[in-house]
Amino acid sequence: MALIYRNVSSGPRMRVALLMLLLGTACSAGDSSNDTQPSRVFLSTGTAPPGGAFFVVGSALAEVVNEFGSSYGYSVTAEATSGSQENIRRLASGELDFALSNAAISYFAVRGESGWDRAYPVRAVMTLAPNVALFIARAGDNISALDELRDKRVTVGPAGAGFEYFVQPLLNAHGIAYDDFSPLNATQQGAVDMLTDGSADAVFLGGAVPTASITQAAASMEIVFLPFGETEKKQLVDEFVFFRPATIPAETYRGQSESFEGLDVGSMHLITSANAENDLVYNVTKLLYENRERVVEKHAAGRAINPNNVVRDTGTEFHPGAIRFYREIGIWAE
C-alpha cells in the first residue's frame with residue numbers, strides 16, 4: 001500500500017516519503033490483495049491552544065474524518081497551535097491542510113488589511129459555531145460596564161492569536177481603546193486563573209456556547225457579564241459581515257439567571273488554502289456534513305453544521321470543492 005505524505009518540505013522527509021512509496025508499490029505488486037486498498041493520505045488540521053473550543057472542535061472534526069474517511073485513505077491529525085493567525089500563515093506556507101479560524105481574523109487576512117503583511121489565499125470550507133465572546137469580571141469588584149475597564153488590567157486573548165481583530169472594533173464602538181487600560185495576554189484557561197487570583201480585573205472570553213473557560217470561571221467565583229450597548233451592537237453588525245447578534249440563554253452558566261444579549265464576534269469556521277485540491281476539499285466537506293451527528297456527539301458546536309448555517313457568508317470566499325458539494329445537496333445560494 002502506498003503512503004502519501006502532504007506538506008513534506010524538508011529533504012530528509014521527502015526521501016523517507018519516496019522510499020515508503022517505492023516500498024509500498026513493490027509490496028502491492030507482489031500481493032494482489034493490496035490492489036483495492038486506498039493510498040494513505042496524511043492531513044493536518046490547525047486548531048488553537050487547549051482550553052478553548054477550537055482545540056476540542058478541531059479534534060472532533062479530525063476524528064470524524066478519520067472514522068468515515070477510510071475509503072479515501074485519510075488520516076487526519078489535529079495540531080494545537082497559537083490560533084487563527086498562525087493557522088492562516090501555515091495554510092499559506094503549505095504546513096497545514098485545513099485549519100480553524102475566527103471569521104473576523106480571516107476576513108482581514110484575505111484582504112491584507114489591519115496589520116496583515118499581504119493578502120493570504122485562504123478559502124472557507126464551512127461556517128461553524130458562533131464565537132459568542134464578552135468581557136467578564138468578578139462580582140463585587142465594581143466593574144459592571146465596558147467604560148469601567150479604563151485603568152484596569154484586562155486580558156485580551158493569547159499573544160499572536162489575533163483577538164485584536166474583533167476586540168478592537170468592539171471596544172472602539174464603545175469609545176474605548178487599548179491605551180485606556182493595561183492589556184494582558186493569556187490563553188482562555190490562563191485568563192480565568194488570572195481573574196481568580198486577582199492579577200486581572202476583567203477578561204475577554206468566548207467561543208461556542210457553552211464555553212469551557214466561562215463555565216470554569218462561573219464555577220470558581222461569582223462573575224458578571226459586561227453588557228454591550230444596543231446602538232454599538234447595531235453599528236458593528238452593520239459595518240462588519242462577521243459580527244452578528246447572539247444570545248446566551250439563561251442558566252447556561254452557574255449564577256446566570258437571565259439571558260445575555262451579546263455578539264457573535266466572528267464565527268469559528270473551517271478553512272483551507274485556495275490551492276487545495278478540489279476533490280480533497282469536496283470529500284472532507286461531504287464527510288463532515290453527512291456525519292455531522294457524530295461531530296455533535298463529540299461537541300455541541302457540531303450543531304452548527306446544518307443547512308442554514310454551514311454556507312453562511314462571513315466575508316471569506318468559499319473553496320470550489322466545498323461549493324461543489326453544497327450545490328449537489330441544494331443548499332448553495334448562487
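Which helix holds both Glu86 and Arg90? Both lie in helix α3, residues 84–93. They sit 4 residues apart, about one turn of the helix.

## About the model

This is a predicted model, where local features need pLDDT of at least 70, side-chain atom pairs count only at pLDDT 80 or more, and totals for chains, interfaces and linings use all residues. Residues are numbered from 1 along each chain as its sequence is written, and side-chain values use heavy atoms, with hydrogens and water left out.

Helices (H or I, at least four residues) and strands (E, at least two) are DSSP runs, numbered from the N terminus.

## A covered strand

Take strand β13, residues 268–273. Of its 6 residues, 6 are buried. Buried means under 20% relative accessible area; exposed means over 50%; partly exposed lies in between (1.4 Å probe, protein chains only).

## Salt bridges

Side chains of opposite charge can pair when their charged atoms come close. A salt bridge is a side-chain nitrogen of Lys or Arg within 4 Å of a carboxyl oxygen of Asp or Glu. The count comes to 17 salt bridges. Glu86 and Arg90 form one of them, with the closest N and O atoms 3.0 Å apart. Glu86 is partly exposed at 25% relative accessibility. Arg90 is buried at 16%. Both belong to a network of salt bridges that links Glu79, Glu86, Arg90 and Glu95.

Lys234 and Asp238 form another salt bridge, at 2.7 Å between the closest N and O atoms. These two are in helix α8 (residues 230–239). Because they are 4 residues apart there, about one helical turn separates them. Lys234 is exposed at 54%, and Asp238 is exposed at 55%.

Arg153 and Asp201 meet in a salt bridge of 3.0 Å, N to O. This pair links distant parts of the chain, 48 residues apart. Arg153 is in strand β7 (residues 153–155), while Asp201 is in the loop between α6 (188–197) and β9 (202–207). Arg153 is partly exposed at 34%. Asp201 is buried at 13%.

## Aromatic rings

Rings of Phe, Tyr and Trp (its six-membered ring) pair if their centres lie within 6.5 Å. Planes under 30 degrees apart count as stacked, over 60 as edge-to-face and the rest as tilted. The count comes to 25 aromatic pairs. In one of them, the ring centres of Phe108 and Phe242 are 5.9 Å apart and the planes are at 70 degrees, so the pair is edge-to-face. Phe108 is in helix α4 (residues 103–111), and Phe242 is in the loop between α8 and β11 (244–248), 134 residues apart. Phe108 is buried at 6%, and Phe242 is buried at 1%.

Phe318 and Tyr326 also form an edge-to-face pair, at 6.3 Å centre to centre and 80 degrees between the planes. Phe318 is buried at 6%, and Tyr326 is buried at 0%. One aromatic cluster includes Phe108, Trp116, Tyr120 and Phe242.

## Charges over rings

A charge sits over a ring if NZ of Lys or CZ of Arg is within 6 Å of the ring centre and within 35 degrees of the ring normal. Arg118 lies over the face of Tyr120, at 4.1 Å from the ring centre. Arg324 lies over the face of Tyr282, at 3.8 Å.
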